[in-house]
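Me: I'm new to this one and would like a slow walk through it. Could you show it first, and then I'll ask things as they come up?

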Amino acid sequence: MKFILKLFDKNIPSVILIFLPYLIFNWVNIYDSIFYSTLNLFYLILVLILFQYFISYLFERKFYKYFLIIIISLFFILIYGLYFVAIFNNLQNKIFNVQLIRGRITITLLGLFFFIIETRLYKKGWFGIQNIFLSIFVVISILFLIPKIGSNNNGKERFRNHYISMQISDTSSKPVLLIITDEYNSPDGLVNFFKDKNLFNFSDGLKKDGWLVKNSFFTNETSTIHSLSSLFNYNLSKNDQYSLMNVNDIGTKKLQRQALCDSLIKKNVNIINFGIFDFGLFKPLTRLFMYPTSFTESVIFNTSGFFIYFNTWGGEFDGLALSYYPMIHNKKILSTLNDTLNSIKKNKTFIYAHLFMPHSPFTFPPEFKYQNITPNNYLAFWKFTNKKLQKLLKEITTENKYRIILSGDHGFRSGGKMINPKYTFAAFYGFSQNDIDKINSVQDLGSLINGCF
């Protein structure tokens, strides 16, 4: 009984009451998650209860008062900091049309603010007032939640795929490599914009080496995660609403559960994931997109704690630097992909490799120094990407051991009206023209890959 009374003591700061409004506001998405279960919810409640007992322990021992205040202040910031930052950033953009103060500064100032408030509450013995306020906040949160219950259909959508049934002309067994070059614009579009026919040099060189090339390859999507999740599920993009699908749901329902991966596994195809997304149960080389991959992540997904953790690559100290960006991913692929391919022992193998270039940030230190996002700087990084690809593709095609699909996911999105991001580029090695003629968009490539096995 004494333990239960401690749990609900109005004079002790309540982490349960701090967390409940956040949980209620995000309840629909958490409940709709593929990771949700009654057992997982029980574990969450148990953790909160144990955390509350720990807070009660600290409260009763005055020696730990500043430790207690720091923990409560941090808990507020880690749970609600992202919302404060979003509000403050919107105000800055409305008033100054630019973000003058970065989120990390806002978070730090908020932390100081909460520390001052919690210190004052401790000294005055006013934690009861805070708990009453939070209780009212919980009730308001529930009132907002009630209309949303049953209204979220994200988990019940049934987007129909548009699978193209095909078997490629050459029936010999070879590993299949998909290389995605993120935000690679159509050479046709760039030549039209920059009036420079030398921009065809890369694709012309591929043609001479036996590649089949599409200099203007249509994509239904201009978002990377929508484009590839559609590709991996045999073109979901012909459903008009697919581009509006929530990124969280795409990550859990269309990437960790995907039709192409299921089909390849059934065909006993070995899978290597050098991508930035989950390929079914196969984890990416580098996870560059935020979406939940567990029940814990689905619960804390909208907290600043998870945002900070994700954007510092799991809390790496270097991730706190202003200039930090995890472009080591591109270097890993360019330096190790050929060796990985040479180590393949089984012809029935599919490899997904994702180069996060020529996508911004336009940087590849020390060879290509960081440049701002402008059409001219994009073009420079696009050309640099071509040089890197040229060297890589020469290495992996010397013995004609693989079928290779090189494709962008979409075009350049910051080029204004003159550069259409719905046109990218694709090149095919080890395929016949008859095979390629059946493919009309980036999102149809999943059917082509499946047809290789």
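Reply: The protein chain has 18 helices and eight strands, where helices (H or I, at least four residues) and strands (E, at least two) are DSSP runs numbered from the N terminus. This is a predicted model, in which local features need pLDDT of at least 70 and side-chain atom pairs count only at pLDDT 80 or more, while totals for chains, interfaces and linings use all residues. Residues are numbered from 1 along each chain as its sequence is written, and side-chain values use heavy atoms, with hydrogens and water left out.

Me: What box do the C-alpha atoms of the protein chain fill?

Reply: Taken along the principal axes, the box is roughly 80 × 45 × 40 Å. Of the 453 residues in the protein chain, 50% are buried, and buried means under 20% relative accessible area, exposed over 50% and partly exposed in between, with a 1.4 Å probe and protein chains only.

Me: OK, the sheet next. In what order do the six strands come?

Reply: The open sheet runs E2-E8-E7-E1-E4-E3 with mixed pairing, and two strands count as paired if DSSP finds at least two bridges between them. Its edge strands are E2 and E3 (270-274), each of which pairs on one side only. From one strand to the next the twist averages 15°.

Me: Is strand E8 enclosed or open, and why?

Reply: Strand E8, residues 423-429, is largely enclosed by the rest of the structure, because six of its seven residues are buried.

Me: And how does E8 pair with E2 and E7?

Reply: Strand E2 (residues 212-218) pairs with E8 in the antiparallel sense over five bridges, with Phe217 having Thr424 of E8 as its bridge partner. Strand E7 (residues 403-408) also pairs with E8 in the antiparallel sense, over four bridges, and there Ile404 has Tyr429 as its bridge partner.

Me: In which sense do E1 and E7 pair?

Reply: Strand E1, residues 176-181, pairs with E7 in the parallel sense over six bridges. Leu177 stands opposite Ile404 in E7, and Ile404 is also the residue whose bridge partner in E8 is Tyr429.

Me: Switching to helices: how do H15 and H16 sit against each other?

Reply: The axes of helix H15 (residues 328-342) and H16 come within 10 Å and cross at roughly 15°; axes here are lines fitted to C-alpha atoms, for helices over the stretch in contact, and angles run from 0 to 180 degrees between N-to-C directions. That makes H15 roughly parallel to H16, since angles under 35 degrees count as roughly parallel, over 145 as roughly antiparallel, 65 to 115 as roughly perpendicular and the rest as oblique.

Me: Which residues meet there?

Reply: Leu334, Leu337, Asn338 and Leu341 of H15 meet Lys388, Leu392, Glu395 and Ile396 of H16, with contact meaning heavy atoms within 4.5 Å.

Me: What about H8 and H16, at what angle do they cross?

Reply: The axes of helix H8 (residues 187-194) and helix H16 (residues 375-396) come within 12 Å and cross at roughly 135°, and H8 and H16 are therefore oblique to each other. On the H8 side the contact is made by Pro187, Leu190, Phe193 and Phe194, and on the H16 side by Pro375, Asn376, Tyr378, Leu379 and Trp382.

Me: Last one: where is Leu100, and is Leu100 buried or exposed?

Reply: Leu100 lies in the loop between helix H5 (65-96) and helix H6 (103-124), and at 55% relative accessibility Leu100 counts as exposed. Between the C-alpha atoms of Leu100 and Ile45, which are 55 residues apart along the chain, the separation is 40 Å.
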